[in-house]
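Here is a model to read through in questions and answers. Look at the fold, then at single residues.

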Amino acid sequence: MKFFVSIVLIALLSMAACLYLPWCSIAIAAFAVAAIIPQKPWWSFLSGFIALLLLWGGLSFFISSNNDHLMAKKISILLLQSDSPFTLVAATALIGALVAGLAALSGSFVRRAAD
């Protein structure tokens with residue numbers, strides 16, 4: 001139950017934080033949730049990873065599909081040297097997931113050290 005609650009809290013806090021703060025505020029949200037909700041480090045990492053994988057993957061796919069993937073195709077040609085907007089969406093989701101997962105892992109370790 002704590003696992004699903006932390007996924008939802010990380011996703012909601014990250015979305016709210018990104019409305020007003022830079023993108024790296026997702027790390028602050030994941031760190032705070034993992035420091036507050038006691039879990040094993042592996043489960044904390046996984047909750048942060050899944051939360052942002054779903055959030056950023058869903059948001060980037062939604063934004064990209066609203067303009068028929070025009071911008072994503074151009075950016076994927078520039079960055080990835082291939083015409084694959086879905087690879088760009090996956091890369092975006094993976095970057096956010098790794099940042100949030102590592103921040104949640106750090107929050108879990110800080111909680112353990114404080115106990």
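Q: Where is Q39 found?
A: This is a predicted model. Q39 belongs to neither of the helices α2 and α3 itself; it is found in the loop between α2 and α3.

Q: Is Q39 buried or exposed?
A: The relative accessibility of Q39 is 16%. Buried means under 20%. Therefore Q39 counts as buried.

Q: What distance separates the C-alpha atoms of Q39 and R111?
A: Along the chain, Q39 and R111 are 72 residues apart.

Q: How many helices and strands are in the chain?
A: From the N terminus on, the elements run α-α-α-α-α. The count is five helices and zero strands.

Q: What does the C-alpha trace of the chain span along its principal axes?
A: The chain has 115 residues, of which 38% count as buried. Along the principal axes, its C-alpha trace spans about 50 × 25 × 25 Å.

Q: How are α1 and α2 oriented, roughly parallel or roughly antiparallel?
A: Helix α1 covers residues 2-20 and helix α2 covers residues 25-36. They pack with axes 8 Å apart, at an angle of about 150°. Angles over 145 degrees count as roughly antiparallel, so α1 is roughly antiparallel to α2.

Q: Which hand has the crossing of α1 and α2, left or right?
A: The two helices pack at an angle of about 150°. Their crossing is right-handed.

Q: How are α3 and α5 oriented, roughly parallel or roughly antiparallel?
A: Helix α3 (residues 41-66) and helix α5 (residues 85-114) have axes that come within 6 Å. The axes cross at roughly 150°. With the cut-off at over 145 degrees, α3 is therefore roughly antiparallel to α5.

Q: How many nonpolar residues has the contact of α3 with α5?
A: α3 passes α5 in a right-handed crossing. By class, their contact has one charged residue and eight polar ones. The nonpolar residues number 18.

Q: What kind of aromatic pair do F3 and F4 form?
A: A search of the whole structure finds six aromatic pairs. One of them joins F3 and F4, with 5.5 Å centre to centre. The planes stand at 70°, and over 60 degrees counts as edge-to-face. So the F3 and F4 pair is edge-to-face.

Q: Which residues do ring pairs link into a cluster with F3?
A: F3 pairs with F4 at 5.5 Å between centres. The cluster takes in a tryptophan as well. Linked with F3 are F4 and W43.

Q: Which backbone oxygen does the side chain of S60 reach at 2.8 Å?
A: S60 sits in helix α3. At 16% relative accessibility, S60 counts as buried. A polar atom of its side chain lies 3.3 Å from the backbone oxygen of G57. The backbone oxygen reached at 2.8 Å is that of W56.

Q: What is the phi of D68?
A: D68 lies in the loop between α3 and α4 (70-80). Most residues other than glycine have a negative phi. D68 is not a glycine, yet its phi is positive, near 55°.

Q: Which is exposed and which is buried, D68 or H69?
A: H69 is also found in the loop between α3 and α4, and its phi is positive too, about 60°. The relative accessible area of D68 is 58%, so D68 is exposed. At 14% relative accessibility, the buried residue is H69.

Q: How far apart in space are M71 and M15, C-alpha to C-alpha?
A: M71 has its place in helix α4. With 52% relative accessibility, M71 counts as exposed. M71 and M15 are 56 residues apart in sequence. C-alpha to C-alpha, the separation of M71 and M15 is 22 Å.

Technical notes:
Residues are numbered from 1 along each chain as its sequence is written. This is a predicted model: local features need pLDDT of at least 70, side-chain atom pairs count only at pLDDT 80 or more; totals for chains, interfaces and linings use all residues. Side-chain values use heavy atoms; hydrogens and water are left out. Axes are lines fitted to C-alpha atoms, for helices over the stretch in contact, and angles run from 0 to 180 degrees between N-to-C directions. Helices (H or I, at least four residues) and strands (E, at least two) are DSSP runs, numbered from the N terminus. Angles under 35 degrees count as roughly parallel, over 145 as roughly antiparallel, 65 to 115 as roughly perpendicular and the rest as oblique. A crossing is left-handed if the near helix is turned anticlockwise from the far one by less than a right angle, and right-handed if clockwise. Ala, Val, Leu, Ile, Met, Phe, Trp, Tyr, Cys and Pro count as nonpolar, Asp, Glu, Lys and Arg as charged, and the others, Gly among them, as polar. Rings of Phe, Tyr and Trp (its six-membered ring) pair if their centres lie within 6.5 Å; planes under 30 degrees apart count as stacked, over 60 as edge-to-face and the rest as tilted. Buried means under 20% relative accessible area, exposed over 50%, partly exposed in between (1.4 Å probe, protein chains only). A polar contact is a pair of N or O atoms within 3.5 Å; within protein, one must be able to donate a hydrogen and the other to accept it, and residues adjacent in sequence count only if both atoms are side-chain atoms.
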